[in-house]
Amino acid sequence: MPDRLSARDLSGLVPDIAERDVGIPAQVFTTRASMPYEVRVCGAAPGLVTGGDGLAYHVAHGLDALAWADVVFIPGHRFPDRDDPSPAVVEALRAAHRRGARLAAISTGAFTLAATGLLDGRRATTHWHYTRALAAKHPRVRVDENVLFVDEGSVLTSAGAASGIDLCLHILRGDLGVAASNHAARRLVAAPYRSGGQAQYVPRSVPEPLGERFAATREWALRRLGEPLTLEALAEHAAVSPRTFSRRFVEDTGYTPMQWVMRARIDAARELLERSQLSVEQIATDVGLGTGANLRLHFRRILGTTPSEYRSTFTRGE
């Protein structure tokens, strides 16, 4: 049973740290009689730190605390695709991992963890806004944009701030059991259990284009999702050969034309599920997926949930 835990703060070395990401593990694993943990906040050097949201807080320990921690939490920061951790941070994290510590990144803290190389060849996630940037910057990391958190044993990552709570409760549940995790969830007034595989519900499944070629064709396709859309039809509208269209489309979006069309249809289905009472079968027809079974198949593949569960989540309480 672990009896030491460090809430790891890199604010002195990576600018604009998200203060909430520092506070989440500190709240979940708070030092108290009922919890067999001791929480320490550390950074480049002890002292007062102003984070990315403008709030100031005191960092009590330096990097030497990593030689003591059993779990090291890495908070996110504001410009993860631009600002890199220093070599001192990278080496301190690697040394902690070699010693047997678990490294857990919250939100864009995944970029700092990825910089160590410890995520290479492994699944990881981060906030949906930065998943493509993480994949581009660290191509050996298997980025999963649809999950709340990923547990790869000694390295763990989570999506946004709220899923950082889910990750912390997951770690607590593994360390001390369900009762302790539920007790902490009640204290935080948080959901006691959300699986890591639950979708983080990005606003759009269709990616923002990396370039503006074929913008008119994409717009044309979005107005015709309920109709048959083939590679040949898209290429004809763009006035290029199917082979050229396919190659350049991937360069623009990161997806093949038909993958893009499928994600656009899933987005259209999501909107109908949120804003209408249409049946799943009718929605499948309206967005060009034919049958409810086909919609359910691709909905789960892309979003990790079912149309019914999605509708329940986004209409509850309205």
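Predicted model: local features only at pLDDT ≥ 70, side-chain atom pairs only at ≥ 80, totals over all residues.
**Entry 1. Overall make-up**

I began with the whole protein. I counted 13 helices and 10 strands in its secondary structure. The protein has 318 residues, and 49% of them count as buried. I then looked up how far apart in sequence the contacting residues lie. Among contacts between residues at least 6 apart, 65% join residues at least 24 apart.

**Entry 2. Val 72**

Val 72 is found in strand 5, which covers residues 71-74. Is Val 72 buried or exposed? I found a relative accessible area of 0% for Val 72, so this residue is buried. I also looked up Leu 103, which is 31 residues from Val 72 along the chain. The C-alpha atoms of these two residues are separated by 4.8 Å.

**Entry 3. Helix 1 and helix 5**

Next I took a pair of helices. Helix 1 spans residues 19-28 and helix 5 spans residues 161-176. I noted that their axes come within 10 Å and cross at roughly 30°. Angles under 35 degrees count as roughly parallel, and helix 1 and helix 5 are therefore roughly parallel to each other. The crossing of helix 1 past helix 5 is right-handed.

Which residues of helix 1 meet helix 5? On the helix 1 side I listed Arg 20, Asp 21, Ile 24, Pro 25 and Val 28. On the helix 5 side the partners are Ala 161, Gly 164, Ile 165, Cys 168, Leu 169 and Leu 172.

**Entry 4. Helix 8 and its neighbours**

I moved on to helix 8, residues 231-238, where Leu 234, Ala 235 and Ala 238 are buried. Looking down the axis of helix 8, I found its buried residues within an arc of 95°, so they line one face of the helix.

What do the buried residues of helix 8 pack against? I found helix 7 (215-222), helix 9 (242-253) and helix 10 (257-275).

I checked the pairing with helix 9 in more detail. The axes of helix 8 and helix 9 are 9 Å apart, and the two pack at an angle of about 90°. Helix 8 is therefore roughly perpendicular to helix 9. From helix 8, Leu 231, Glu 232, Leu 234, Ala 235 and Ala 238 meet Pro 242, Phe 245 and Ser 246 of helix 9. After helix 8 comes Ala 239, and I noted that its phi is positive, near 60°.

**Entry 5. Helix 10**

Helix 10 has 19 residues. From first C-alpha to last it reaches 27 Å, close to the 27 Å expected at 1.5 Å a residue. I looked up its buried residues, and among them are Pro 257, Trp 260, Val 261, Met 262 and Leu 273. The buried set also includes Arg 263, Arg 265, Asp 267 and Arg 270.

**Entry 6. Helix 12**

Helix 12, residues 292-303, has 12 residues. Its reach from first C-alpha to last is 16 Å, close to the 16 Å expected at 1.5 Å a residue.

Which residues of helix 12 are buried? I listed Gly 292, Leu 295, His 298, Phe 299, Ile 302 and Leu 303. They cover an arc of only 135° around the axis, so they sit on the same side of helix 12. The face turned away from that buried side carries the exposed residues Ala 293, Leu 297 and Arg 301.

Conventions
Residues numbered from 1 in each chain as written. Heavy atoms only, no water. Buried < 20%, exposed > 50% of the residue type's maximum accessible area, 1.4 Å probe, protein only. Helix = DSSP H or I, 4+ residues; strand = E, 2+ residues; numbered from the N terminus. Arc of directions from axis to C-beta. Contact = heavy atoms within 4.5 Å. Expected span 1.5 Å × (residues − 1). Axes fitted to C-alpha atoms, helices over the stretch in contact; angles between N-to-C directions. Parallel < 35°, antiparallel > 145°, perpendicular 65-115°, else oblique. Left-handed = near helix turned anticlockwise from the far one by under 90°.
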